[in-house]
Amino acid sequence: MNFAIEAKNLVKRFADIAAVNDISFIVKHGETFAILGENGAGKSTTMRMIACRSPLTTGELSVEGLNVKNADRRIRSLIGVVPQENNLDPDLNVRENLLVYSRYFRIHKEIAQTRCDELLEFIRLKEKANAKVEQLSGGMKRRLIIARALLHRPKILLLDEPTTGLDPNVRQEIWEKLEELRRTENLTIVLSTHYMDEAEKLAQRLIVMAHGRIVVEGVPHEIIKDKVKKFALEIREADSFNLRQTDKILSQKRGSTHLYFAKLPKI
Amino acid sequence: MSLAISKIDLTDSCAVWRRNSRVYLRLWKTELVAPIIEPIFTFFAFGFGVGALVTSDVEGLSYLSFVGAGVLAFTVLMRTIFEMTYGAYFRMVYQSTYDAILATPVNAESLAFGEIIWAVTKGVVDCLFILPLVVIFGSATSLFTPLSILPLIFGCIYLGGLGLAITAHVYEIDYFNIFFALFFSTLFLCGAWFPIEMLPGWLQIVAFIIPTTSVIDLCRACLTGNFAVKHIYESIYLLIISVLLLEWALRSIRKRMVA
Ligand SMILES: Nc1ncnc2c1ncn2[C@@H]1O[C@H](COP(=O)(O)OP(=O)(O)OP(=O)(O)O)[C@@H](O)[C@H]1O
Ligand SMILES: [Mg+2]
């Protein structure tokens, strides 16, 4: 087996739309691979197909050399999934969330206990072990979900927008943990994100998706160098101004902030 | 085309079952209030209230003996149906518990089966609390009384399967109202509170088609020791319906969750 993930002409069609429309890519062992794209680009759908949660309409997809069409149980024991929406169990406390989850992987009870302590240590939630899930902050929840996805020592970690909605410090912290995992455990990481900075920080290679297709692929800093001019202007609390729009600059409004980029990225 | 039931992995289902039992044990005090309070008041209402009006024997039994099976089955089956509709819907939609589980090697069929055997377990636990009440109120006169748990188990499988299948098709929680309206209407036909022989002929046929009728009839046979040949047919019918609805539930959950 040569690649961690190999996708050929992947298509996923829902009733009237092609959520993923003929994409091919590979993910190498031990690398961090990012899928970048805006809302509705098809990132989650792609990840759900890799996680065997969504049957392919057409195409070929193999994970660790196993075909998703007939080896889904085996594949799901090799991957750890961090979904876009938090789905921790609110009926259980922090520690129980891990222990109960470990049963689905048939991890022996004693090993699970040790692994659980180890992971709570790793994500620095040891003092919160007996806390209820709703008492955790957004960042803590995210870290706990990442820990949960690591219980069974997966070969591949799938993260669907791991840091969306978190503050810069927490994002930084999660990035460091992910980078540490990749280096020390030789984990293959596939993550989806809206943010170029996240992709640039973590990924060795990336694809950019739009409307179910791959529009750009390559190495993050080269893509940025090629496609995006370094100059950007950010004007905060600009409610009283109109957003300037010309051909030469890309302008965008986010809440009350206006963003101006020197050149349209060609994506 | 293979049967969904054949894809069940019992170890995986058991892991799902244990998740639910863990939550239940944490909340056991609140969970046990209903199965004790409800039947007591049902006994008061039907046994003493309605029973006082019924002076003649019903199927050769006093009304209190007759109605015991109804109270027992009603409480136990209600528990299962609520667990597999609102309970399952909460876990599936609001808490995304199913999503989390399906990210592990556990497949949709084992998940659904784990949920159903959990609902059955809850019914059985309730049954253990209600049976003594049934004895105290004088509705159980036979040594076969403990056997009444068997038809109840199958009743729970059939209604749990039905409930979970419906849940898998519900995208808006208010749709349960339609299901419950139908379900409650049938409950009054199934021979819990009066013998179905009192109904006009065509309604009797309807009543016999509703599997709950068989559950209650078999329960009554166990509580009173009056067995008859029809109970064999009823058992077979209940068994077949249980398997069919179980299969439907597993398929529906896969269709909903793996898309
Ligand atoms: N189960 C579904 N049924 C119908 N359409 C779907 C389903 N899941 C996704 N889609 C559609 O497929 C497209 C891609 O969705 P997807 O969730 O993969 O996007 P995404 O890149 O993850 O977006 P976001 O950044 O908002 O999470 C969207 O148009 C979405 O509406
Ligand atoms: Mg998404």
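This is a predicted model: local features need pLDDT of at least 70, side-chain atom pairs count only at pLDDT 80 or more; totals for chains, interfaces and linings use all residues.

Let us begin with B:D99 and A:R53, which form a salt bridge whose closest N and O atoms are 2.8 Å apart. Because B:D99 belongs to helix 4 (residues 97-101) of chain B, while A:R53 sits in the loop between helix 1 and strand 4 (58-63) of chain A, this pair joins two chains.

How many salt bridges does the structure hold over all chains? The total is 28. One of them is formed by A:K43 and A:E161, with the closest N and O atoms 4.0 Å apart. This pair links distant parts of the chain, for A:K43 is in helix 1 of chain A and A:E161 is in the loop between strand 7 (156-160) and helix 6 (168-185), 118 residues apart. A:K43 is buried, with a relative accessible area of 4%, and A:E161 is buried as well, at 5%.

A further salt bridge brings together A:R115 and A:E118, with 2.6 Å between the closest N and O atoms. These residues are 3 apart in helix 4 (residues 109-122) of chain A, so about one helical turn separates them. A:R115 counts as buried at 7% relative accessibility, but A:E118 counts as partly exposed at 38%.

There is also a network of salt bridges, in which A:R73, A:R106, B:D9 and B:D12 are linked. B:S110 is found in helix 5 (residues 108-136) of chain B and counts as buried, at 0% relative accessibility. Its side chain makes a polar contact of 2.7 Å with that of B:N107.

I turn finally to the metal. Which residues coordinate the magnesium ion, ligand 2? They are A:S44, through OG, and A:Q84, through OE1, at 1.9 to 2.1 Å. A:S44 lies in helix 1 (residues 43-50) of chain A and A:Q84 in the loop between strand 6 (79-82) and helix 3 (94-104), so the pair ties together parts that are 40 residues apart in sequence. A:Q84 counts as partly exposed, with 33% relative accessibility.

Methods. Residues are numbered from 1 along each chain as its sequence is written. Chains are lettered from A and ligands numbered from 1 in the order in which they are written. Side-chain values use heavy atoms; hydrogens and water are left out. Donors are N, O and S atoms within 2.8 Å of the metal (3.2 Å for Na, K and Ca); water is not among the atoms, so sites may look incomplete. Helices (H or I, at least four residues) and strands (E, at least two) are DSSP runs, numbered from the N terminus. Buried means under 20% relative accessible area, exposed over 50%, partly exposed in between (1.4 Å probe, protein chains only). A polar contact is a pair of N or O atoms within 3.5 Å; within protein, one must be able to donate a hydrogen and the other to accept it, and residues adjacent in sequence count only if both atoms are side-chain atoms. A salt bridge is a side-chain nitrogen of Lys or Arg within 4 Å of a carboxyl oxygen of Asp or Glu.
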